[in-house]
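Subject: Structure handover

Hello,

Here is the structure I promised to pass on. Please open it first, then read the notes below.

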Amino acid sequence: MILQILQIIAAVATILTGAVSLLKPESVTGFTGLRPEGGRGITEIRAVLGGFFIALGAAPLFLNSPVAYMMLGIAYLVVGLVRGISMIVDKSVTQSNIISLIVEIIFGVILVV
């Protein structure tokens, strides 16, 4: 029961992250380091960080399937793995990257279990 609630929270948080990126693409600059330059940059943030995250979070809620939650968890774990490696290779061990990595690992584990 508690695990299911945590999984729903992770999915909703994913949707909210996407919603903020979709509706206020300029607001992600401080945390992600991405700079929406021109219409193309803003569209990319809205589409990928917005639309894609909304879809990833909504799919498990809509499908109500353990496999859908697992898929979201695998996505978080892969993003976390790539981020962890990239932080070392790119020398980008920053507070926002560390926070993102921790959230990705926690969400990933919660969603895969």
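This is a predicted model: local features need pLDDT of at least 70, side-chain atom pairs count only at pLDDT 80 or more; totals for chains, interfaces and linings use all residues.

Helices here are DSSP runs of H or I with at least four residues, numbered from the N terminus.

**Overall picture**

The protein chain has five helices and zero strands. Along the sequence the pattern reads α-α-α-α-α. The radius of gyration of the protein chain is 14 Å, close to the 13 Å that the globule rule gives for 113 residues, so the chain is as compact as a globular protein of that length. Its C-alpha atoms fill a box of roughly 45 × 30 × 15 Å along the principal axes. Buried residues account for 28% of the 113 residues. Take the contacts between residues at least 6 apart in sequence: 64% of them join residues at least 24 apart.

**The α4 and α5 pair**

Helix α4 covers residues 66-89, and helix α5 covers residues 95-112. They pack at an angle of about 150 degrees, with axes 7 Å apart. Angles over 145 degrees count as roughly antiparallel, so α4 is roughly antiparallel to α5. Their crossing is left-handed. On the α4 side, the contact residues include Y69, L72, Y76 and M87. On the α5 side, I98, L101, F107 and V112 are among them. By class, this contact has 15 nonpolar, six polar and two charged residues.

**A buried residue**

Is T14 buried or exposed? Its relative accessibility is 1%, and under 20% means buried, so T14 counts as buried. T14 sits in helix α1, residues 2-23. Leaving aside neighbours within four places in sequence, T14 is in contact with F53, L56, G57, L72 and Y76. L72 and Y76 also belong to the α4 side of the contact with α5. The C-alpha atoms of T14 and L63 are separated by 16 Å, and these two residues are 49 apart along the chain.

Most residues other than glycine have a negative phi. Which way do N64 and K91 go? Phi of N64 is positive, near 50 degrees. K91 also has a positive phi, of about 50 degrees, and is not a glycine. N64 is found in the loop between α3 (38-63) and α4. Over 50% relative accessible area means exposed. N64 has 61%, so N64 is exposed. K91 has 74% relative accessibility, so K91 counts as exposed too.

Best wishes

Technical notes:
Residues are numbered from 1 along each chain as its sequence is written. Side-chain values use heavy atoms; hydrogens and water are left out. Axes are lines fitted to C-alpha atoms, for helices over the stretch in contact, and angles run from 0 to 180 degrees between N-to-C directions. Helices (H or I, at least four residues) and strands (E, at least two) are DSSP runs, numbered from the N terminus. Angles under 35 degrees count as roughly parallel, over 145 as roughly antiparallel, 65 to 115 as roughly perpendicular and the rest as oblique. A crossing is left-handed if the near helix is turned anticlockwise from the far one by less than a right angle, and right-handed if clockwise. Contact means heavy atoms within 4.5 Å. Ala, Val, Leu, Ile, Met, Phe, Trp, Tyr, Cys and Pro count as nonpolar, Asp, Glu, Lys and Arg as charged, and the others, Gly among them, as polar. The radius of gyration is taken over C-alpha atoms; the globule rule is 2.2 Å times the number of residues to the power 0.38. Buried means under 20% relative accessible area, exposed over 50%, partly exposed in between (1.4 Å probe, protein chains only).
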